[in-house]
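User: Hi! I have a model open and would like to talk through how it is put together. Could you take my questions one by one?

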Amino acid sequence: MAAAMKQGTILCAILLLLGDFILADDCLLEVVRDPVSQFKSKTSHIPAIEISDVIALSLGMSTEPVLYTGLQSSDIFHRPCATLSLVWEVTPGTLDTCSMSQHESISFRTVRDYILSQFGEEGPVVVDYASNIKLTKTPKALDGSLKSIPRTLDGMLETLQQEDSVLHSNDVGSLNASRSADLNFLSELQLIKEVFDQVSQNSDSVVDGTPDLYTFVLTGLREIQEEYGLDSSQAEDAAKVMNEFLSKIYKELDSLYQNNILITVIKVQKSPSLRRMIRQATPTEAPPAEPDYNLATNYSSEFPYMFNIILWLVVIFAVSVFAVSYLIGSMDPGDTIIYRMTSQRIKME
């Protein structure tokens with residue numbers, strides 16, 4: 001028995017270290033915005049491991065073949081210019097069971113790596129908070145603003161005290177930010193609000209023709225339902241606040257991206273290994289080093305000009321040296337002034 005438990009512990013540790021994922025036992029895909037009508041149904045079951053590939057396909061990217069059959073053909077020249085995916089953790093038992101094996105994973109690494117490798121790190125906005133390895137790659141005008149967003153519960157509590165925060169701009173009813181479950185719920189919404197407030201303020205550097213990616217995890221509503229009960233006033237107020245808040249965010253993104261953004265909600269059952277960004281971070285923790293994802297070096301915008309100037313100068317110089325050397329080597333001594341002027345003259349007595 002002890003050996004079996006030890007093996008199980010080692011296996012769980014290996015699973016956590018291997019991937020950039022959120023473990024999920026069940027998954028339901030809800031399409032909130034589909035600007036080019038690529039999805040056959042607004043609600044469908046989907047293998048969690050294919051979420052990233054399906055989103056990548058909807059953006060016109062090439063991926064491995066998928067089993068999901070909910071996509072249909074559409075105009076290849078008209079694709080969403082951004083996508084927002086919310087991983088919504090729900091209370092166990094509230095979803096229909098999907099034909100899905102245990103410990104499958106939801107990962108956005110495929111789509112985010114494709115965007116960064118194809119469009120560079122300067123153009124697209126990639127805000128991936130739904131994966132274990134958080135990644136934020138944005139234009140320089142937006143980078144500093146996003147880094148200033150609080151990443152701890154204490155920092156979010158201070159932000160929630162501001163007049164335009166989620167706590168004060170919505171009717172939260174019986175929710176109280178001094179309680180742990182309530183604070184986690186409000187902090188998740190405030191994080192989303194802070195990100196899109198900064199994005200809206202820097203709209204010129206965001207809407208630039210390159211696809212953008214936003215992903216977030218929502219676990220606060222499930223925690224409130226478990227803390228107070230599914231039928232409690234707190235759970236009802238939290239559900240109302242979330243619906244109103246998300247509806248407002250959807251409208252803001254519709255306006256920002258001119259109704260050309262794909263918005264999906266991925267509902268998963270509670271998993272013990274689901275990790276949240278705010279809970280992981282503490283004020284004393286150093287931020288983890290961002291992996292390079294095997295991407296090419298990010299050169300300046302002047303690099304192509306410098307490269308071409310140097311390349312063609314070297315080519316022209318090499319060809320010129322070769323041509324001159326060949327002509328001189330094959331030259332007839334009697335046909336050139338060089339040999340006539342340097343030849344020895346015989347003195348006449």
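Predicted model: local features only at pLDDT ≥ 70, side-chain atom pairs only at ≥ 80, totals over all residues.

User: Why is strand 9 largely enclosed by the rest of the structure?

Analyst: Buried here means under 20% relative accessible area. Strand 9 covers residues 261–269, and because nine of its nine residues are buried, it is largely enclosed by the rest of the structure. For the protein of 349 residues, the buried share is 44%.

User: How many bridges join strand 4 to strand 9, and what is the bridge partner of Ser85?

Analyst: Strand 4 spans residues 82–90 and runs parallel to strand 9, with nine bridges joining them. Ser85 has its bridge partner in strand 9, namely Thr264.

User: In what order do the seven strands form the open sheet, and which are the edge strands?

Analyst: The pairing in this sheet is mixed, and the order is 3-2-9-4-8-6-7. Two strands pair on one side only, and these edge strands are strand 3 (43–45) and strand 7 (135–137).

User: By how many degrees are neighbouring strands of this sheet turned against each other on average?

Analyst: Leaving direction out of account, one looks at each strand against its neighbour in the sheet.

User: Which strands does helix 7 lie across, and at what angle does it run to strand 8?

Analyst: Helix 7 takes in residues 180–201 and lies across strand 4, strand 6 and strand 8. Helix 3 (residues 109–119) lies across strand 6, strand 7 and strand 8, running at about 160 degrees to strand 6. For helix 7 against strand 8, the angle is about 165 degrees.

User: Is Glu188 buried or exposed, and which residue's backbone nitrogen lies 2.8 Å from its side chain?

Analyst: Glu188 is part of helix 7. Its relative accessible area is 6%, so Glu188 is buried. A polar atom of the Glu188 side chain lies 2.8 Å from the backbone nitrogen of Gly220.

User: Which element has the lowest mean pLDDT, and which the highest?

Analyst: The protein averages a pLDDT of 76, and 73% of the residues score at least 70. Over residues 1–21 pLDDT stays under 50, and the model has 17 contacts there beyond four places in sequence. Residues 97–104 also stay under 50, with 19 such contacts. Among the elements, the lowest mean is 39, for helix 1 (residues 2–18), and the highest is 93, for helix 10 (residues 233–256).

Methods:
Residues numbered from 1 in each chain as written. Heavy atoms only, no water. Buried < 20%, exposed > 50% of the residue type's maximum accessible area, 1.4 Å probe, protein only. Helix = DSSP H or I, 4+ residues; strand = E, 2+ residues; numbered from the N terminus. Pairing = 2+ DSSP bridges. pLDDT = per-residue confidence, 0-100. Contact = heavy atoms within 4.5 Å. Axes fitted to C-alpha atoms, helices over the stretch in contact; angles between N-to-C directions. Polar contact = N/O pair within 3.5 Å; in protein donor to acceptor, adjacent residues only side chain to side chain.
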